[in-house]
Structure formats: C-alpha cells, structure tokens
Amino acid sequence: MIPSLLLAATFAAPAFAANTDVLPGTPAVRTLRDAYLAALENSDSVAISEQTLRQAEALYRSARGSSFPLISLRNDTSRQDRRSAGTAGSGNATNTQSDGMIRASQSGLTGYRELALLKAAKSTVGQREHERLRAEQLLLADVAGAYYSLIQAQDNVATTGQLIKFADKRLSEIKERVRVGRAREADALSQEVQSEALHSQLEESSRQVSARGDLLGFLVRSSIEPQASPTDSPAPPPALDAYLARLESRPDVAAARDAVAVAAGGVNVARGDYFPQLGLQANYYAYRPRARSNNKWDASASVSLPIFSFGAIHASVDSAKAALSRQEYVLRATQRAADLEVRNAHRDYSSAVRQLDIQRRSGALAQRDYKLQTQDEHRGLVTAIEVLQSLDRLNIATLALNNALVQTRLAAINLEIAAGAKPEEILK
C-alpha cells in the first residue's frame, strides 16, 4: 500500500499560479506547447529578430528599387536682365523663362555592382530569417527548462509531503512503543530528526516551485497549470550520424553561411568601382520658352572610366576581402561548435535514458526494501533505526527518479534543437 501511494504522489502535478504579470483573458498554460506559444507572443528577443528581418527585407527592396531609373517632375525657372548698357537706370527689365519636364535619370550605373548589391541584400534577408528561427529555438529551450523544472519541483513537493505523512505516522507509533517500554527514546528522537529534515526538504522544494513558477510565468505571462510529468520510457536516440547529417540545416550555421554570402557580395560591390560608370538622362518637356518650344524632349548619356584613384578603390576591395575572410572563419567556428554541441547532446540524451532505467529499478528496489523492513520490524527482526534508514533510501531514490524523468525530457528536446529541428517539429 505504501509504495503505491508514494508512486502516485510522485507523479502528481498540482496546479500553480505564478506571482507574475498575467495578461487578462489568457488561458492557463497546461502543456509545453501551450507554454511555448504563449512565450512566443511575449518574447522580446523574438520580436527584435522579427523587426531585424523586416528591416533587411526593406533594404532589399530599396536596393532593387535603386537599380531602376529615377523618374521625377522638374521645373527650371531662370530670370535674365534684358537692359543694355545704354538704358541703365531706366528701370527693371527682366525676362523670365521656365522649363517644365518629366525626367528619367540613372547615374553611376555599372551593372556588375548593382547585381552584386542585390545578391548581398537577398543573402542578408536569409541570414535574418535564420537568426529569427535560432531565437525561437533558444526560447523553446528556456521554456522547456522552466516548464519541466517546475514539474520536477511540484513532484518533489508531493513526494516529500507523502514521506512526511509516513514519518509522522511512524513517529507516533514509536512514541507509543517508548511509552510501553518496547522501544528506546533514542529511536523516537532519530525519527523526529528525520521528520524535521523532511520538513526542511519540503520548504526548499516549495521555494523552488515558487521560483520556477515565477520564471515560467515571466516567459509566458499566463496562469500555469502544468500537466503531470510523463512516465513512459523514451526510446533511445537514433545513431549520432543521423543528427550530424542535419548540421547544415541548423539556423545558426545557415545564418553564418548567409553572412559569408553577404561578405562576398561586399567584395563584388567594392570591385564594381573598377568598372566604367554609365549615366543616362531623358527629359520630356510640358512647357518651354518660346524660343525652344519646338524641342519637346532631349536625352543624354555619359560614361566615366576610372583611371587613377590613389589606391582608394584597391583599399576598399582589400577591406571587403578581409571582412569575407573573417566571416569564413566565423562560419567554420560555428560549424565546429555545432558539431560538438550535437555530440554532447546525443551523449547526454543516451545517458539520460540509461539513467532513467537505472533510477526506476532503484526506486522499485527502495520501495520493496521499505516494505520488507516495515514488515520485519513488526516481527521484531529489525530495529526502528534500520526502518528509518530504509525510508531515507526511498526518499533519495524517489527524488532521483523525479530528476531523471525531467532530465530525459530536456535532453531529448536539447538534442533536437542542437540538430536544427524547428520548434513546431519538436512540439508535434
């Protein structure tokens, strides 16, 4: 009876209301998916990355628009003094002339530089998209850590509360035995020490519930009623190579690769200054002075060929090449760090699965040990101290099992994030 009650208490998940700024009208958070979606709506880091993406998209449209001629309405008005030298002082005599036109113009056109600028701007958009996805992944890791840590703390509170009931019941029994002379007073004192230790453990677990609830509430800004921790056995992860093959799809790796493309585009843009620059201009006149009224339009073209720039263009290209080299090193460092992170995450998850199996066996053994020790005590085969030690072992094993359950779930999520999975794929 005692083991079954203890196991039920271990996986209970009481409701919790975080002391935080809860948005009115928001539903309570129950599942990890609910928590993530609520946090996504309130995350400043994701919002910042979203606006950075919007800025990059606007800059791309600006670069694309600058590749086309500028069309404008223009009015030129001039005034001339028509007085001759012989009529000086005879009064103001001015001639006003106005040209009204529609002008299409394009200056500094090389073709090569404009195309390179467009490619770089498009790569910047891709880089910002991957950075936003990375921010969403990191948010999921934070939410999952807070969510499962809260469940673990709640499980610890339930477990410790049940153990306190067992300890208090035993203390009453031992005191009665002391009264009738069937037990030593030291046995009762030892049981009281354990009870106080369990109360201290309960206080610490309650503090953790409050702290972790506040953290999760800070992320989601909603009331929190997490579901009970899962008790099923997670499957061992696939082979490491399956995760390493997905490294190039990681958002941070993809963003670093896009940054290389942006830097390469910067080199081409700088090289564009070596090419001849073409200027085009065409005017259509709506009105003109009478002397030029027959000329309704005109057009002009100019070509500028750079000959000598005192090394300015060459220095600009060298600077862009250095920026490209730096981004290539950043990409290589990001790939190496991602590879190490996947290997560590895969090892952590594999170990967590094995640890969970071990802790389950240990918990079952501790429960059986406590049951047998209690039965032997009633038969006079063991002392109260031995039963007390058995209860301590059961307490340690149960808390270790709670921790193993949480760590296994977190390790599974961290492995998927390390391999580049999107949050919606992880939370299916």
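This report describes the fold, cores, sheet, helices and selected loop residues of a predicted model.

## Basis of the model

The model is predicted: local features need pLDDT of at least 70, side-chain atom pairs count only at pLDDT 80 or more, and totals for chains, interfaces and linings use all residues. Numbering starts from 1 along each chain as its sequence is written, and side-chain values use heavy atoms, with hydrogens and water left out.

## Overall fold

The protein chain holds 10 helices and four strands. Both are DSSP runs numbered from the N terminus: helices are H or I with at least four residues, strands are E with at least two. Along the sequence the pattern reads α-α-α-β-β-α-α-α-α-β-β-α-α-α.

Of the 428 residues in the protein chain, 39% are buried. Buried means under 20% relative accessible area, exposed means over 50%, and partly exposed lies in between (1.4 Å probe, protein chains only). Contact means heavy atoms within 4.5 Å. Take the contacts between residues at least 6 apart in sequence: 84% of them join residues at least 24 apart.

## Nonpolar cores

A nonpolar core is a set of buried Ala, Val, Leu, Ile, Met, Phe, Trp, Tyr and Cys residues joined through side-chain atoms within 4.5 Å. The largest one has 30 residues. L32, V143, Y148, L216, V220 and I413 have the most contacts inside it. Two or more residues of this core come from each of α2 (32–42), α4 (112–180), α5 (185–220) and α9 (384–418). The top contributor is α4, with 11 residues.

L216 shows the packing in detail. Leaving aside residues up to four places away in sequence, L216 touches A35, V143, A146, Y147, L150 and I224. A second, separate core has 23 residues, including L247, A263, A320 and A419.

## The sheet

Four strands form an open, antiparallel sheet in the order β1-β2-β3-β4. Two strands count as paired if DSSP finds at least two bridges between them. The edges are β1 (70–81) and β4 (297–304), each pairing on one side only. Neighbouring strands are turned by 25 degrees against each other on average, direction ignored. Here the axes are lines fitted to C-alpha atoms, for helices over the stretch in contact, and angles run from 0 to 180 degrees between N-to-C directions.

β1 and β2 (residues 94–109) are joined by 12 bridges. N75 faces G100 of β2. Eight bridges link β2 to β3 (residues 277–287), with Q106 partnered by L280 in β3. β3 and β4 also pair over eight bridges. There, G279 stands opposite S302 in β4.

Helix α3 (residues 44–65) has 22 residues. Its first and last C-alpha atoms are 31 Å apart, close to the 32 Å expected at 1.5 Å a residue. The expected span is 1.5 Å times one less than the number of residues. V46, S49, E50, L53, A56 and A63 are buried in α3. They lie on the same side of α3 because they cover an arc of only 140 degrees around the axis. That arc is taken from the directions from the helix axis to the C-beta atoms. The buried residues of α3 pack against α2 and α4. The face turned away from the buried side carries exposed D44, I48, Q51, Q55 and L59.

α9 has 35 residues and should span 51 Å; its end C-alpha atoms are 50 Å apart, which agrees. Just after α9, G420 takes a positive phi of about 95 degrees.

## Loop residues

R250 sits in the loop between α6 (240–244) and α7 (251–271). R250 counts as buried because its relative accessibility is 1%. Residues up to four places away in sequence aside, R250 touches R134, A338, E341, A418, A419 and G420.

Y274 lies in the loop between α7 and β3. At 41% relative accessibility, Y274 is partly exposed. Y274 touches P306, I313, H314 and V317, not counting residues up to four places away in sequence. The C-alpha atoms of Y274 and T110 are separated by 9.3 Å, although the two residues are 164 apart along the chain.

F310 is in the loop between β4 and α8 (312–378). F310 is exposed, with a relative accessible area of 73%. Its phi is positive, about 55 degrees, although F310 is not a glycine.
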